[in-house]
Amino acid sequence: MLIRGKNISKFMVSTLVLGLILVPVYGYQSNHDQLHQEPVTSNENVYADTYLSKYDPSIEVSLVRELDDGLEDIIEALPDESIDDNRWSQLYEQVLGIKLNNDWVVRSEQYHKKLGIVLASGNIPDIVKVNAQQLRQLSHAGLIQDLTIAYEKYASPLTQEVLQQEGNGTLESGMINGKLMGIPLTDASIERAVFLWIRTDWLERLGLQAPKTMDDVLMISKAFTEMDPDQNGLQDTYGLAATNYLWDPVMGLGGFMAGYGAYPNIWLEDGHGKLVYGGIQPEVKEALKALQEMYRNHEIDSEFIFKNGSKAKQLITDGKIGMVYGEQWSSFFLQSSRGSDPNADWKAYPIVGQAGEQVKVPLEFNTSYFYAIRKGYPHPEVILKLFNLYLEKNWGMTAEYEKYYNSTVPVWGLSPVTPFPANKNWDAYLKIEEAHRLGTEDRLEGEARFILNKMNRYLNGEEEGESGWGWEKIYGRTGAMSILDSYHRNNQLLFDAFAGAPTETMLEKQTILDHMQHDRFVNIILGDPIDDFDLFVQDWLKLGGAQITSEVNQWYAEKKNRR
């Protein structure tokens, strides 16, 4: 998928892909000293700086590509371009003297299997995009290069800023034994902040107020289930949405659990200089007990365990769901309810905690893919130059937004490298909000201008602006981004305390532990004894969790010593 996120492929509806790939990728204008070189002719070195200098003669570099629904839609909309020959490949060759050659391109469902075979053979392309486990395997096998010196010499100021926008953890995640073995594909933790989306027309119809505590959330859920908010005379509505994957970015239950001080998927500081895993803390048990009670009272779809996101979404489309925990782009998912009921309306609210407690918003560390360079390839800096130009043409002083990012088609997806600044969506909101305060839109450009135009067309009642409903729910004055801004100002963002490369035991055991955690939690919600959580904690520690905790704390101690 072109949407960045670990779990997105578990529930994404293919018909939404082209529309939603726009959502996580807007709104950044850095205040750093950006590169600003005047271009010369297309046959000369376009930027004189070392970071963007042109190879003369040109060089070739081989890659492999994954073709998913989103990328296919982009190519279909651009008949003069292909995955092999497009505006990005032409730009890289024209400006940098880098000719990209795709060794092979396959559909997503075949990509990982074929890549696994290629990696096992040792015959890898010059640039290869891998996950953390594959990066470590290739490094141990001596098949990829140390990029430490290349990064120090060739990473532009903009690239360095982007890779460190959420601290040193992003870059450190690509290090093995102190060497930078892969350039991280940045993924914004802050973009994973969760909000509580509520059918406001139902709230008004039932005379309810927005929630301030978890007791309020439970009360609203019960009312939405039992008080016939759709007024059809049947008890066929549900207070809270859920899917068969508990941590989905839309309709997941992580935000609900945070209301009880439970953070199942991140590492936490324990107040005594150590890190502990959130998934085995006692607060999780309390949250599971509340969900179990809601399920028993039919406030959650009794068949949620059999429904992925696309199937669970049908209940939203049919107007049967009243509350959803989800990320900022959830509005585009929730918009389907307006097809069956034009009066359906949703609003994002802050997630809430128990009475008198300020809730923390968990942000899992999300950078999980890396670009490695084949051992023996003579130009290891090539990946940095690709990063530099991609970022420059999208967010630098010489950016050409409509040509290289998005106009009617999200053409950024044609590039084989797609790093992006972590805070850019939030920055876009701040720029739009500033325009509102100043009473003028004249200074807005690029992505912020694109978003505001979408919202304005919707607010002005233009037919083509209907999708602006989703944008307004995100970037409007009381939208999700305004809440994210308040999360930040109130110090509510809880970043994952572990932001390093996966430990050895994580690579071996993490998938097993994650599946066990998910299955045990689901079974408790469905009715297994709540004390089964204590058995889960014992098993988690015994089956690798204790060793992972030791390794994580060794990393943490070394990190503190480096300060």
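The model is predicted, so local features need pLDDT of at least 70 and side-chain atom pairs count only at pLDDT 80 or more, while totals for chains, interfaces and linings use all residues. Residues are numbered from 1 along each chain as its sequence is written, and side-chain values use heavy atoms, with hydrogens and water left out.

Helices (H or I, at least four residues) and strands (E, at least two) are DSSP runs, numbered from the N terminus. Two strands pair if DSSP finds at least two bridges between them. Four strands make an open sheet in the order 8-11-7-12, and the pairing is mixed. Strand 8 and strand 12 (346–349) are the edge strands, each pairing on one side only. From one strand to the next, the twist averages 20 degrees. Strand 7 and strand 12 run antiparallel and are joined by four bridges. Ile198 stands opposite Lys347 in strand 12. Helix 21 (residues 480–489) packs on this sheet and touches strand 7 and strand 12. The direction of helix 21 makes about 145 degrees with that of strand 7. Such axes are lines fitted to C-alpha atoms, for helices over the stretch in contact, and angles run from 0 to 180 degrees between N-to-C directions.

Helix 10 has 13 residues and reaches 18 Å from its first C-alpha to its last, close to the 18 Å expected at 1.5 Å a residue. The expected span is 1.5 Å times one less than the number of residues. Its buried residues are Met214, Val217, Ile220, Ser221, Ala223, Phe224 and Thr225. Buried means under 20% relative accessible area, exposed over 50%, and partly exposed in between (1.4 Å probe, protein chains only). These buried residues pack against strand 7 (195–199), strand 8 (238–240) and strand 11 (321–326). They also pack against helix 9 (200–205), helix 11 (254–258) and helix 12 (282–296). Contact means heavy atoms within 4.5 Å. Just after helix 10, Asp228 takes a positive phi of about 50 degrees.

The geometry is edge-to-face: 6.2 Å centre to centre, 90 degrees between the planes. Rings of Phe, Tyr and Trp (its six-membered ring) pair if their centres lie within 6.5 Å; planes under 30 degrees apart count as stacked, over 60 as edge-to-face and the rest as tilted. Phe256 and Tyr325 are both buried. Helix 12 holds Gln292. Gln292 counts as buried because its relative accessibility is 9%. Leaving aside residues up to four places away in sequence, Gln292 touches Ile524, Ile525, Gly527 and Asp528.

Two bridges join strand 6 to strand 14 (residues 369–373). Ile183 has Tyr371 in strand 14 as its bridge partner. Lys114 sits in helix 4. Lys114 is partly exposed, at a relative accessible area of 34%. Beyond residues up to four places away in sequence, Lys114 touches Trp104 and Val106.

Turn to the aromatic rings. The count comes to 27 aromatic pairs. Trp88 and Tyr92 form a tilted pair, 5.6 Å centre to centre with 35 degrees between the planes. They lie four residues apart in helix 3 (residues 87–96), so about one helical turn separates them. Both Trp88 and Tyr92 are buried. They belong to one aromatic cluster that includes Phe332, Tyr390, Trp395 and Trp471.

Helix 16 (residues 382–395) has 14 residues, and 14 of the 14 are buried, so helix 16 is largely enclosed by the rest of the structure. Its end C-alpha atoms are 20 Å apart, which agrees with the 20 Å its residues should span at 1.5 Å each.

Two lysines lie over ring faces. Lys385 lies over the face of Tyr55, at 4.2 Å from the ring centre. Lys313 lies over the face of Phe333, at 5.8 Å. A charge sits over a ring if NZ of Lys or CZ of Arg is within 6 Å of the ring centre and within 35 degrees of the ring normal.
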